[in-house]
Structure formats: C-alpha cells, structure tokens
Amino acid sequence: MSSQEIDKNKWNKLVNDCNNGLIYAQSDLLDSLADNWDAVIVGDYDAILPIPHRKKWHISYSYSVPFVQQLGLIGKSEFSYAEKIKSQIQKKFCYGTIQLNYGNVAIASQFGATPKTNMYLSLQQPFSVLEQTFKKEISRISNKLITNNWSVKKNIPIKDCMHLYRRLLGHKLQNIREEDFERLVRFCHKNKNENLQYFTRAVVNPSGEICSVAVLLRDNKRIYNIINASTAEGKKTSANYLLYYECLKEFSELPLLFDFEGSSIPGIASFYNKFNPLKEFYFIWHYNALPFPLSLIP
C-alpha cells in the first residue's frame with residue numbers, strides 16, 4: 001500500500017501506542033524525509049511496516065532514509081506471518097535494505113538481518129542520581145568548563161547547526177545529499193504534530209563561538225540524538241561532555257528515554273559508554289531477490 005492510501009490516524013495511533021513504535025515511523029517524519037514510502041499493513045492496522053523506496057535503472061528498491069535509524073514491524077509481531085511479509089516486500093522491491101527495530105528480534109533472525117548496537121538512558125530519575133552512574137570525568141570536565149565561562153545555549157537556528165555539521169563532517173557523509181539536510185530542516189520548521197518536537201543545543205566558548213552542537217527530536221517515548229558535531233576547539237576542550245551533561249540534566253525526571261543512537265564508530269561508542277547507557281539491538285536486513293545476473297549485485 002502506498003503512503004497516500006494509508007489511514008494516517010490509525011497508523012500514528014499504533015506507532016504512539018506500541019513500545020517499539022519510534023519517531024522514525026511517524027507518518028509526518030516519513031512524508032518529510034523519504035523519497036517515497038509504501039507499507040505492509042496487517043489486518044486493520046494490527047501491525048505495520050514502512051518501506052521507504054527509490055528507483056534506479058528502472059528498478060524499485062528499498063533504502064535507508066538519512067537520519068532514520070530503525071523502522072521495522074510495529075504492532076502484533078506474529079512469527080507466523082513474517083515469511084509472508086518478507087515475500088510481499090521482495091515481490092515489489094526485489095533489492096534493498098530494511099531497518100528492523102529493537103522489538104523485531106525473532107523476525108530479524110528469520111530474515112538473517114545484521115544486528116547493530118543502540119544506546120539509551122532512562123531519564124526517569126533525578127539528575128543527581130543519574131550523574132552518579134557517569135564516568136567521573138564527565139562531571140569533572142563539564143564543571144571545569146562552566147567555571148571557565150563556557151555555557152550551553154538553547155534554540156540555536158537549526159540551519160546553523162546543519163551548516164556546522166556539514167562543514168565538519170560532510171566529507172564522511174557522502175550518502176547524504178544536500179536535499180536530505182534540507183528535508184530535515186523543513187520538517188522541523190513546518191511540523192505541526194504536537195507529539196513531535198525538535199530541540200537544538202550548542203556549547204559556546206567564553207567568546208560566544210559555537211564549539212559543539214546537537215539536534216534532538218522528541219516523541220512520547222524518547223529524546224533522539226539525531227545530529228552532533230564539534231569543532232577542533234570543541235574536541236580539544238571536550239565540549240561534548242558539557243553538551244550532553246547539560247542536556248541530560250535538562251531532561252532528567254521526564255518519563256522518557258534519552259536515545260544516543262548508537263554508534264558503530266568506536267570513538268563515538270566509547271564516548272557514549274562514559275554515560276553508562278543501556279544497550280539494545282536494531283537490525284539491518286539487506287537482500288537481493290533480483291534475477292541472475294543482477295542477483296550478483298552485493
């Protein structure tokens with residue numbers, strides 16, 4: 001079923017109500033960020049699975065949308081109809097990648113999907129309690145920067161955050177087009193869904209120069225760490241310690257999780273681990289059901 005045919009009210013209600021219905025599957029976000037998307041719908045929206053797709057060389061294929069970590073099956077996850085869902089996907093999209101969520105463990109195993117690590121913290125506690133679980137250097141460096149007149153600013157224009165992110169990390173983001181960045185900015189500016197919010201935070205030095213930025217999204221379950229970047233000075237002074245220290249302080253005692261969004265990059269994973277996060281696994285299912293010789297494409 002194409003996204004235009006979907007009952008968005010039923011769709012979003014299921015996403016909101018299910019534990020593994022994350023912000024990435026909200027129809028407003030998919031409408032904004034994906035080139036196109038279809039869906040598998042089981043029963044009367046008993047379960048749903050969004051499928052972003054593109055076309056190349058006259059072949060329609062599923063793909064991973066930039067800034068979207070996990071989608072997958074949401075709702076009643078019955079092992080019995082997993083093979084039917086797989087067949088339906090591969091019949092229309094003979095090649096591609098599907099991101100399965102942390103609740104799709106059995107299906108991921110059946111599909112032969114690759115696990116990826118995600119990290120998160122529960123914010124449902126006072127910051128004084130949460131802080132005790134961090135590596136001591138987090139608090140020490142953060143408080144030293146505060147003493148030296150560094151601070152965290154709110155409501156930095158998202159375009160400024162994106163510009164800094166692209167300037168610092170663009171060479172590593174060759175699969176993300178300029179249009180993809182623009183889509184995220186438009187979503188944040190034009191979104192009218194009260195259940196979806198965005199925040200920007202930045203660490204500035206005593207001269208008022210931005211040294212570290214973060215773009216966060218929020219739904220009814222999590223705060224998502226979508227974008228983060230630090231300048232050379234920010235890296236040298238460990239400005240990211242202060243950035244996340246203050247963000248976790250700001251959002252503590254809310255009935256939410258703080259989702260670090262991975263990472264599989266060792267240096268970033270090492271940094272996030274200093275906050276003593278819990279871990280979960282989402283899954284990447286890459287497949288090729290094309291006829292020979294196209295079936296040889298990796």
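Modeller: Rings of Phe, Tyr and Trp (its six-membered ring) pair if their centres lie within 6.5 Å, with planes under 30 degrees apart counted as stacked, over 60 as edge-to-face and the rest as tilted. Here such pairs link Phe127, Phe134, Tyr241, Tyr244, Tyr245, Phe258, Phe260, Phe271, Tyr272 and Phe275 into a cluster. This is a predicted model, in which local features need pLDDT of at least 70 and side-chain atom pairs count only at pLDDT 80 or more, while totals for chains, interfaces and linings use all residues. Residues are numbered from 1 along each chain as its sequence is written, and side-chain values use heavy atoms, with hydrogens and water left out.

Colleague: How are the rings of phenylalanine 271 and phenylalanine 275 arranged, and what angle do their planes make?

Modeller: Their centres are 5.5 Å apart and their planes stand at 85°, so the pair is edge-to-face. Buried means under 20% relative accessible area, exposed over 50%, and partly exposed in between (1.4 Å probe, protein chains only). Phenylalanine 271 counts as buried at 11%, and phenylalanine 275 is buried at 0%.

Colleague: Which residues have the most contacts inside the largest nonpolar core?

Modeller: In soluble globular proteins, nonpolar side chains tend to be buried together. A nonpolar core is a set of buried Ala, Val, Leu, Ile, Met, Phe, Trp, Tyr and Cys residues joined through side-chain atoms within 4.5 Å. The largest one here has 47 residues, and those with the most contacts inside it are Trp11, Tyr24, Leu184, Leu217, Ile226 and Ile227. Apart from it lies another core, of 32 residues, which includes Leu121, Ala239, Leu248 and Tyr272.

Colleague: Over the face of which residue does arginine 54 lie?

Modeller: A charge sits over a ring if NZ of Lys or CZ of Arg is within 6 Å of the ring centre and within 35 degrees of the ring normal. Arginine 54 lies over the face of tyrosine 63, at 3.9 Å from the ring centre, and arginine 54 is itself buried, with a relative accessible area of 18%.
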